[in-house]
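Biologist: I would like to learn how to read helix packing in a model. Can you take me through a case?

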Amino acid sequence: MARVPYLHREDADASQKPLYDRLEAERKVPTANIFLALANAPTQLDGFLTYANSLRAADLSPKLRELAILTVGHATRSAYEVAHHQSHGLGAGLTEKQLAAVADFETSDLFDATEKAVMRLAKESTLLVDVSEETWRAAAGHLTDKQMVELSLSIAWYNSGVRIMGLLGIDLEENYPNPFPNSQNSAS
């Protein structure tokens, strides 16, 4: 259960209407609960959207970005993150079988060396914060310095996202299946 109210367009004052216009133009409709909760802090939500959009406009391939995000979601058992990014992963070229194998990517033959290196970096950073030189070099051997910075920013950004969702108790919308149905907490 969310710890702050979900603020819909009809709850906003006139000065906040452009923010809802932006949400509807840039994100899925109906507006996701994470954004409705963040609408309690409209200035920060606006910055949140700008930063997230910059990550999507990066040189890093969308497929690798989504693999990193899904790995963060699985490492933190964030049902919200995984549920929302499965469709993004499909749109970026992942298969249903790959989506189902993200949690066990190390032993899966569905991912190539680059994908596994990116996922290993995301998992290690998420669970340990600091990453080993070996893990860094494995990913860096496949990507440019710019892409490595973009990947690092994406991993860190989505780690902050799952923590925001957990702190605020963001509910997984009914139209998304919970990828961790036996989990106590659908938000984190």
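Biologist: At what angle do H4 and helix H9 (residues 145-168) pack, and how far apart are their axes?

Modeller: First, a caution: this is a predicted model. Now the general idea. Two packed helices are described by the angle between their axes and by the distance between those axes. Here, H4 and H9 pack at about 35°, and their axes lie 9 Å apart. Their crossing is right-handed.

Biologist: Which residues make the contact of H4 with H9?

Modeller: H4 brings Arg65, Ala68, Ile69, Val72 and Thr76. H9 brings Leu151, Ser154, Ile155, Tyr158, Asn159, Val162 and Arg163. By class, that contact has seven nonpolar, three polar and two charged residues.

Biologist: What angle does H4 make with helix H7 (residues 113-128)?

Modeller: H4, residues 62-76, packs on H7 at an angle of about 40°. The axes are 8 Å apart. H4 is therefore oblique to H7. The crossing is right-handed.

Biologist: Which residues of H4 and H7 make the contact?

Modeller: From H4: Lys63, Leu64, Leu67, Ala68, Thr71, Val72, Ala75 and Thr76. From H7: Thr114, Glu115, Val118, Met119, Ala122, Lys123, Thr126 and Leu127. The contact of H4 with H7 has nine nonpolar, four polar and three charged residues.

Biologist: At what angle do helix H3 (residues 42-56) and H9 cross?

Modeller: Roughly 140°, with the axes coming within 10 Å. Angles over 145 degrees count as roughly antiparallel. H3 is therefore oblique to H9. Is the crossing left-handed or right-handed? For H3 and H9, it is left-handed.

Biologist: And which residues make the contact of H3 with H9?

Modeller: Phe48, Tyr51, Ala52, Leu55 and Arg56 come from H3. Glu150, Leu153, Ser154, Trp157, Tyr158 and Ile164 come from H9. By class, eight are nonpolar, one is polar and two are charged.

Biologist: Let us turn to charges. How many salt bridges does the structure hold?

Modeller: Nine. One of them joins Glu24 and Arg9, with the closest N and O atoms 3.1 Å apart. This pair links distant parts of the chain. Glu24 sits in helix H1 (residues 17-26), and Arg9 in the segment before H1, 15 residues apart.

Biologist: Which residues does UniProt list for the domain?

Modeller: The unreviewed UniProt entry lists residues 46-124 as "domain: Carboxymuconolactone decarboxylase-like". In the model, that span is 72% helix and 0% strand. Its end C-alpha atoms lie 30 Å apart.

Conventions. Residues numbered from 1 in each chain as written. Predicted model: local features only at pLDDT ≥ 70, side-chain atom pairs only at ≥ 80, totals over all residues. Heavy atoms only, no water. Axes fitted to C-alpha atoms, helices over the stretch in contact; angles between N-to-C directions. Helix = DSSP H or I, 4+ residues; strand = E, 2+ residues; numbered from the N terminus. Parallel < 35°, antiparallel > 145°, perpendicular 65-115°, else oblique. Left-handed = near helix turned anticlockwise from the far one by under 90°. Contact = heavy atoms within 4.5 Å. Nonpolar A, V, L, I, M, F, W, Y, C, P; charged D, E, K, R; others polar. UniProt positions renumbered as here; feature names shortened; annotations may be inferred. Salt bridge = Lys/Arg side-chain N within 4 Å of Asp/Glu carboxyl O.
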